[in-house]
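Please walk me through this structure.

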Amino acid sequence: PVFYGFVHWVLHQAQARGITWVGFLARDGQLPTKIAALLRERDPSLPDAHYICGSRHAWYLALFDPALPRHRQWVNLLPAPTLEALFNNLEIDPMELRDDLTAIGHPPESWKSTLSYEQRLDVLQQLSSRDHAAALFKQRRDDRLRRTLSYFEQEGVFRHQHVALVDIGWSGTMLDAFRQLLDKAAVTPDVFGFYFGLHQNPGPDRMSYLLHPTRWPDWLTAFPSVVEMLTPADHGQTVDYVAVDGRIDPVYAEDLVAPPRQILDFHDGALEYVKAALAANEPPPNCRRLLWTFIVHPTTAQVERWRDFRFWTWQRPTDGRAPPPVGTLTAGELFGRGLSTWGSVDAWPCPTASIRRSFPWMPRFMLTLLVRKMQTDRFV
């Protein structure tokens, strides 16, 4: 019901704005693309809906120029704060830059050492002014950019004057990257962004369906991983594009959030709901109360089912199995986290379900108070 309403809103808003091509961004867009196909069967006048494969990793590296401060920030969300992890994120063997790194004070024996966020930014900035390093970054960027634009052309992006990119959320950076990529092409369509929710960065070039940036944060801003978990795809993250038999195909990582067969069964169930709603001429419902019950006060069965999912926060998948969003807490951990300011989402992606699993006797009002505390922390 939630994403039936979202997709219905997207297609009708796009139609009203004269947008003729709508791209639902992978991976969260796989189920919404299928829902859009059902809506277009009912009303062929709605804009064309496409599943567009991309990710922060794939698109950032097709643009990455270490001379630009914003680009240096893009690639610095890492599982380990080292130069080795940074260059792994950039898909560059640091040995190719050994002389440049040594010249700026970072010989090979230091590549596994911890560096602060600011120190890593400084390394990239210094490399950008060295001829050999700058040339290597440009070569890798240009190669990826060529493949990426060829993929966009294949998917029909450049055959339309007005296009839209649809994403779940949360800050609009993928829309910015998409627009910058299109600016590198000979023909640049006008781009608009549709989001399930935005936590920040509102603007005239984007709209959000359920969560809107305000001074007092919406309660759902505390659960981005859970919202994303409701629209899983049956493939891994897009990490690149490759030419195969005259086509440009996306290259997927192996970071699945759940077994593909289970995900497709989940999709089939959602699509049956949409078919039934369309057959009954039933409009999309208001799902705020449904989401509150489902996320803040989950049943035991729901909690156990969620433990089969996995949750990544990094720009690029790392070695090892991603953790589940639902964990087991001790009384000490619960007390400590309850008193501390809510911070990193990946440290506690679904706290209400984790508490319900660890302390099934916990009163419902305590979970409600926890969510209110998270809103207050984010506001502060």
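Predicted model: local features only at pLDDT ≥ 70, side-chain atom pairs only at ≥ 80, totals over all residues.

Residues are numbered from 1 along each chain as its sequence is written, and side-chain values use heavy atoms, with hydrogens and water left out.

Start with the second largest pocket. It holds about 580 Å³ of space. Of its 25 lining residues, Met229, Leu230, Phe266, Ala270 and Phe294 are the closest to its centre. A pocket here is an open set of points on a 1 Å grid over the protein atoms alone, where a 1.4 Å probe fits, with protein on both sides within 12 Å along at least five of seven lines; lining residues have an atom within 4 Å of a point. The lining has 20 nonpolar, 3 polar and 2 charged residues. Ala, Val, Leu, Ile, Met, Phe, Trp, Tyr, Cys and Pro count as nonpolar, Asp, Glu, Lys and Arg as charged, and the others, Gly among them, as polar.

Which helix gives the largest share of this lining? It is H11, with 7 residues. Helices H1 (2-16), H2 (30-42), H11 (260-279), H12 (288-296) and H13 (300-306) each supply at least two. Helices (H or I, at least four residues) and strands (E, at least two) are DSSP runs, numbered from the N terminus.

Now follow H2. It packs against H11 at an angle of about 25°, with the axes 10 Å apart. That makes the two helices roughly parallel, a label for angles under 35 degrees. Axes are lines fitted to C-alpha atoms, for helices over the stretch in contact, and angles run from 0 to 180 degrees between N-to-C directions. Among the residues in contact are Ile35 and Leu38 of H2 and Phe266 and Ala270 of H11; contact means heavy atoms within 4.5 Å. By class, this contact has 11 nonpolar, 2 polar and 3 charged residues.

H2 also packs against H1. Here the angle is about 60° and the axes are 9 Å apart. Phe3, Val7 and Leu11 of H1 take part, among others, as do Ile35 and Leu39 of H2.

Last, look at the loops. The peptide bond from Ala26 to Arg27 is cis, with omega near 0°. Arg27 sits in the loop between strand E1 (21-25) and H2. Another cis bond runs from Gly169 to Trp170, with omega near 20°. Asp245 is not a glycine, yet has a positive phi of about 50°.

How values were computed:
Points joined across faces, edges and corners; volume = space filled by probe spheres on them. Parallel < 35°, antiparallel > 145°, perpendicular 65-115°, else oblique.
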